[in-house]
Amino acid sequence: MTDADTTTTTTGTDWGAWQESWDRQQEWYMPDREERFRIMLDMVEALAGPAPRVLDLACGTGSITARLLARLPDATSTGVDLDPALLAIAEGTFAGDGRVTLVTADLKDPDWASGLPYDSYDAVLTATALHWLHAEPLAALYGQVAELVRDGGVFMNADHMIDDTTPRINAAERAQRHARMERAKRDGALDWSEWWRLAAADPVLAEPTARRFDLYGEHADGDTPPVAWHARVLREKGFGEVRPVWCSPSDTLLLALK
């Protein structure tokens, strides 16, 4: 950890509470989020064993890493992200844990992987993050991921993968989901904007939150191509087998085996 990281972890901030708050905000959008993580880690254990070296891609607060280490205590994780506020929460959460390394990098930078501590990983995992990218940079990123995954290793991406050939199904699912979200919000659930308003008001997170909005704005305008697009591109980039291992009406967990 750097001196800046140490300062972050000694402020008295309740990082566990911020993690919990982030999880609840994300579950407002995805009530089956924990099931998705469970299947992801099932497949990591099945294909990479009980002590995998994992790259948590676009790690945010470290949601995947926290669940990985709770499930597989002998695992190690490298979390990479650019968001200074979410990384501050991750740094506070994992301070002093030698199993975790956090790296600040922009996944749109062709050289983002140069700061990683390892040249290869047993598993690269990401969730609800890569839809921030447009299709062309996402395809380029998939090529870089393929170079990082060892032979026999896995890449898993859990994200919104929208099939535009089913517009009536999509509309019905969206209407039901939004109705559920509105009911939860009336009961006190935080949405994305409200969560970030609270982060901006926190004495420790205010400065990294301001930097975060300077970097990203309110929200990136990426793409959500269908499963078939992801599977095709991953095979083109060097993965031998690709298929969904879990899905909901709006999200898919896609597994690619090197």
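Predicted model: local features only at pLDDT ≥ 70, side-chain atom pairs only at ≥ 80, totals over all residues.
The crossing in which α2 passes α8 is left-handed. On the α2 side, the contact is made by Trp18, Ser21, Trp22, Gln25, Gln26 and Tyr29; α8 contributes Trp192, Trp195, Trp196, Leu198 and Ala199. Classified by residue type, the contact of α2 with α8 comprises 8 nonpolar and 3 polar residues, with no charged residues.

The largest nonpolar core contains 30 residues. Within this core, the members that touch the most other members are Leu55, Leu57, Val80, Trp112, Leu141, Phe155 and Phe239. Two or more residues are given to the core by each of the strands β1 (53-57), β4 (121-127), β5 (149-160) and β7 (251-257) and by each of the helices α6 (135-148) and α10 (227-236). The greatest contribution to this core is that of α6, with 7 residues.

The surroundings of Leu57 were also examined. With residues up to four places away in sequence not counted, Leu57 touches Val80, Leu107, Trp112, Val124, Leu125, Thr126, Leu141, Val145 and Phe155. Of these contacts of Leu57, Val80, Trp112, Leu141 and Phe155 are also among the core residues that touch the most other members.

Methods: Residues numbered from 1 in each chain as written. Heavy atoms only, no water. Left-handed = near helix turned anticlockwise from the far one by under 90°. Helix = DSSP H or I, 4+ residues; strand = E, 2+ residues; numbered from the N terminus. Contact = heavy atoms within 4.5 Å. Nonpolar A, V, L, I, M, F, W, Y, C, P; charged D, E, K, R; others polar. Core = buried A, V, L, I, M, F, W, Y, C linked by side-chain atoms within 4.5 Å. Buried < 20%, exposed > 50% of the residue type's maximum accessible area, 1.4 Å probe, protein only.
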